[in-house]
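Visitor: Please show me the protein. I have a few questions about its fold.

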Amino acid sequence: MVRFFNVDSLSKKYAYQSHYNFSENRVVDGRELEGLEAKLINENTIEWRVKVDNKLGYDYSKTLLKDAADILSQNGMKYNIINDPEAKFTLELSRPTMRIDPVTKEPVVTNGYTMNDGNTYDGKAVSKDNPRTLAHELGHKASLPHIFDEKSKLTNTEENKNNLMNSGDNNKKELRSSNGTELVPAQTNDMKSHIQKVYENKTKEKEIESKNNIPNDIN
Ligand SMILES: [Zn+2]
């Protein structure tokens, strides 16, 4: 590990354009930019930092994050999900909720949900204490639609019934399932490129912000 002690002897004006400045002397803990909680740390590893907000009323499974990461780790991609109290991406753990569908009068159980799908930096996923549910919700956060959504690249057919992005809400009753954990390579690639794109866009935004905030005269 190398630290760049000389950076501060240069003008900060230029330091902000420097590659080294990204970590702002926080090289040691590996954090780069605040709030960019999902990122590629190399070609085949994604690190996703989450701040666990436990609303279960009891302790969640010790292996929840690892088990969810293992589900997402398919097709040559490896996920690390890390509980980080400083993370801006929130993982809210809560108990499933039940409501009665006004049309069918059948009970509908919600195991988890996401808002603002695609937001992998300071977003939020809500999940019950179950790795499959968590992996499914993170799939949404990294842009994956349900297999029965219009924009899905997969067909809503028997062969995809055990896909991670199937759910109990499938419009084809015979295909409803919320246990499958399969991901096809296209889904793995879509998650990866989405996370990378968000990271790059946000990094650029933050660089511009930083540059705009630099005083004109450091000395
Ligand atoms: Zn879903």
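Visitor: What share of the contacts with a separation of 6 or more comes from residues 24 or more positions apart?

Guide: This is a predicted model, where local features need pLDDT of at least 70, side-chain atom pairs need 80 or more, and totals for chains, interfaces and linings use all residues. Residues are numbered from 1 along each chain as its sequence is written. A contact means two C-beta atoms, placed from the backbone, within 7 Å. Among contacts with a separation of 6 or more, residues 24 or more positions apart account for 60%.

Visitor: Why do the buried residues of α2 line one face of the helix?

Guide: Buried means 20 or more other C-beta atoms within 10 Å of a residue's own, again placed from the backbone. In α2 (residues 64–72), the buried residues are Leu64, Leu65, Ala68, Ala69, Ile71 and Leu72. They line one face because, seen down the axis, their directions from axis to C-beta fall within an arc of 155°.

Visitor: Which residue of β6 is the bridge partner of arginine 99?

Guide: Strands pair if DSSP finds at least two bridges between them. Strands β5 (97–100) and β6 (107–110) pair in the antiparallel sense over 4 bridges. They form a hairpin with 6 residues between them. In β6, the partner of arginine 99 is valine 108.

Terms used: Buried ≥ 20, exposed ≤ 12 C-beta atoms within 10 Å, placed from the backbone. Helix = DSSP H or I, 4+ residues; strand = E, 2+ residues; numbered from the N terminus.
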